Amino acid sequence: MATLTIRMAPLLVLWLAVCLGGTWAVDRGNFKTCDQSAFCKRQRALKPGESPYRALLETMELTNTRLTLQLINDNNKVRLLLELYRLQGNITRVKINELKPLKPRYEVPDVLIREPPTEPLSLLSQDENGVVLSLGPESQRVIVSARPFRLDIMEGRDVLMSLNSRGLLAFEHLRIRKDTFYYKVTSAVASVWNNIKRLFSSQADPEAEKKEEDDPANQAEEAKEEEEKAEDGMWEETFKSHTDGKPNGPSAVSLDFSLPGVEHVYGIPEHADTLRLKTTNNGDPYRLYNLDVFQYELYNPMALYGSVPVMIAHNAQRTTGIFWLNAAETWVDISSNTAGKTVFGKMLDYVQGSSETPQTDVRWISESGIIDVFIMLGPTPKDVFSQYASLTGTQAFPPLSALAYHQCRWNYNDQEDVQSVDAGFDKHDIPYDFIWLDIEHTDGKRYFTWDPHKFATPKDMLQGLLDKKRKMVAIVDPHIKVDTNYKIHTEIQSRDFYIKNKDGGNYEGWCWPGSAGYPDFTRADMRAWWASMFAYDQYEGTMENLYTWNDMNEPSVFNGPEVTMHKDAMHGAWEHRDVHNIYGFYVQMATAEGLIQRSGGVERPFVLTRAFFAGSQRYGAVWTGDNAAEWEHLKISIPMCLSLGLVGISFCGADVGGFFKSPSTELLVRWYQMGAYQPFFRAHAHLDTPRREPWLFGPENTALIREVVRERYTLLPYWYQQFYNTHHTGEPVMRPLWVEYPQDPATFALDDEFLIGRDLLVHPVTEEGARGVTAYLPGKDEVWFDIHTFQKHNGAQNLYIPVTMSSIPVFQRGGSIIPRKLRVRRSSTCMEHDPYTLYVALNPRRTAEGELYIDDGHTFNFEKKEFIHRRLSFANNILSSVNLTPAAQFSTSSWVERVLILGASKPSKVTLKTADGQESQLEFDFDASMSVLTLRKPGMNAGADWTVTLQ
């Protein structure tokens, strides 16, 4: 929910009226540009050139697991410590910190799932210019150049990536402010003492003076004494009416990376921009700083609700990744030597024999912390996904019902309204699994409570849903109303769990309840307490079918700088500037743990979050925030979710219909058609918009929406299998075409169509009044089948598809087998024991394969190998089902009631052979016009071995 007012304290109403001015559009003046962010402006002023840093090779230490080496800045004599690790799985880790900082610098905890295991590093050669280390058997090596300092990672003769090749490494050391009384006194005492030491030591030892010069501690002291140009914003920074005090002074870190041969980079969500990242030479860098942005603008690098500091680079030969582990405000600059060149210009270069290799240069700038970067060397896209998953974990495996349809609004008014909406879905024969409650369900915006008048008997409401095998989600935000009669507030206050302001008192800001405190979720004891609040005896009125939505967790502070928390607020020893981007990650972590604990560790949780960071995939779903009912917002949801999937967060969706404004019926129908093919499928709307339940737009549109929602339900077995796969591999569920066709340049910038898994290609209709779309079907030797008409099309072509309002261009890849359940009921749980239909789409070699995954749909028992996982394959006219995991044990009463084989020939007979050796003849129909063979009522159990032979 965006920062609009409803039943607020008068002061907050006035503040919102002034700031928002009654318009539904982002006020860019509320958010900083790079020039208004002092550290970004300061760092960006550094231009490429020779780096002041050099490596002190005599300090090198090489063990079996790591290399350490000191770097020195020749301008100020400050020394840094470089650590280099070779990690399992073709990953290189580079850490750079101050050698002797005045105080510890923040290193991000809890994001990595473990300390990454290392592999041996070995020295290949060394001289006065640098060292060469082996990165393993693939002729990979890292070259450390001394003067200036530079790192090159190579494979054979090819440079895969270079660090500091443009000389933009910068590390602002912690220092004491020079205009303070403390500094003047300590400097005077230190100066006298150093003079005394020099006098006596030089008389006793002529070499002592040189030794002292080489002492890192003395060099650091000299650096503090060095006259520096005091720049605005180094010790204090003002934005609008907010002043940010910086007791540690400037602390930014920066490093550049060069990617030879690369023209396409992706990732670093969240931005409302194209899938392929743009160069930033003529504007602001991409910003990573979690913010509550009111109806965001499209196609610009402004920060949004979440931040994942991971970039993926791809060309036809290789895919690599950069994971910049830093939770402070971060800006990312991108430049390219081919940016702006037209296709003709590139052809001209080729004809003229231009030798310039394409190259993309990337520069990361963070306000504080250290440099801790993981270089994922691929070489394939799926290798990079696996490498990143080995560091931060994989997407949580959701309950199957969470992959079904969700109905939401700010707000359903009361229990009667919920009951009426629930009945409306049954009346209009539209399935749904979850209905949602926004902030108005609480007692005066006190989370973990219910409005005593509108939701007086929440258990009765939840039981009514449970009787229909449906569920509910209620919002729990992390800002806590300051009210001495509110148990949650008094508990947090008595345990001293609130974030502090710079003066040591509890930090307070304005949010939905009025004056609010903000729990310090960076504390493990605070998170444990928060998790305990979801217990059924603590969160009164809840049942096992109530799940949770964490909104406003950037954190949103209506009267704070940039609508968020002051950077000099304190989380124990750390400033908020150090931890800002990880706050929402911790809120979702604690909430998910609470849902798990309340069930005794049995049930999988479902938690939706708006703010996120690297690793948030482990705790649930995200959505793209406060979008608008506009065609461009419909389009942008594709690259936004694709970008999230590339960096591990597969469970993504956008508010169907748009949160702000009111969609036309055409836009609403098209959005349902899009949403049905995105991982998280939820309709949501703003308080001030007209009601838009699916049956309110006339019978014709109701029928169109019903059809597409039911289509989602038929494909739930496939969706569930894809989430099981991503939970184990880290591969995105919704993925760009280049992930499966990495050598096809035609796919590299496509972001108006996408794949679900390997086997479904979706090209939604996103233009108003469209009569046709052009879809690119990849794969030179492949075929694709329209899933609605079964018409076959060759790959490696741009296919024009005429469309009507009922059209959703979706294609099944030839060579795949997709299970569906065609008996759609009121909720996914009602379909648990229903039969399967197998769609077998043959490739030109007349083969196909797929998988079928079945478990109980909601518990962690799959971790105990209580599931069915089968390989389905068709070859040599034999369709078979074999067990992929013989050690697993699970039974199902579901059976296979139909098989459709697309691209088939007519057989003379069809024989089924079951595991006990019994054979039977199957009935079949053959449509010669479409080459579709239908096998009727084969009847075999979905978890059994069997073969079907076509003769």
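A helix here is a DSSP run of H or I with at least four residues, a strand is a run of E with at least two, and both are numbered from the N terminus. The expected span of a helix is 1.5 Å times one less than its number of residues.

**Before I start.** I am working on a predicted model, where local features need pLDDT of at least 70, side-chain atom pairs count only at pLDDT 80 or more, and totals for chains, interfaces and linings use all residues. Residues are numbered from 1 along each chain as its sequence is written, and side-chain values use heavy atoms, with hydrogens and water left out.

**Helix α13.** I looked up α13, residues 583–598, and found that its 16 residues reach 23 Å from first C-alpha to last, close to the expected 22 Å. I then checked burial, which means under 20% relative accessible area, with exposed over 50% and partly exposed in between (1.4 Å probe, protein chains only). Of the 16 residues in α13, 14 are buried, so the helix is largely enclosed by the rest of the structure. After α13 comes Gly600, with a positive phi near 70 degrees.

**Cores.** A nonpolar core is a set of buried Ala, Val, Leu, Ile, Met, Phe, Trp, Tyr and Cys residues joined through side-chain atoms within 4.5 Å. The largest one I found has 175 residues, and Phe323, Trp530, Phe606 and Tyr672 have the most contacts inside it. Helix α14 (residues 631–646) gives this core its largest share, nine residues. A second, separate core of 50 residues includes Val131, Leu163, Phe257 and Trp364.

I followed up Phe606, taking contact as heavy atoms within 4.5 Å. Beyond its neighbours within four places in sequence, its contacts include Ala402, His406, Trp436 and Phe680.

I count two strands as paired if DSSP finds at least two bridges between them. Strands β8 (residues 150–155) and β9 (residues 158–163) run antiparallel and are joined by five bridges; Ile153 has Met161 in β9 as its bridge partner. Two residues lie between the strands of this hairpin, and Gly156 has a positive phi near 60 degrees. β9 also pairs with β13 (residues 253–260), antiparallel over two bridges, and there Leu163 stands opposite Phe257.

**The 11-strand sheet.** My last stop was an open sheet with mixed pairing, in the order β49-β48-β52-β46-β45-β44-β42-β43-β47-β51-β50. β49 (919–921) and β50 (923–927) are at the edges with a single partner strand each, so one side of each has no neighbour in the sheet. Within this sheet, β45 (residues 868–875) and β46 (residues 878–883) pair antiparallel over six bridges, and Ala875 has Ile878 as its bridge partner in β46.
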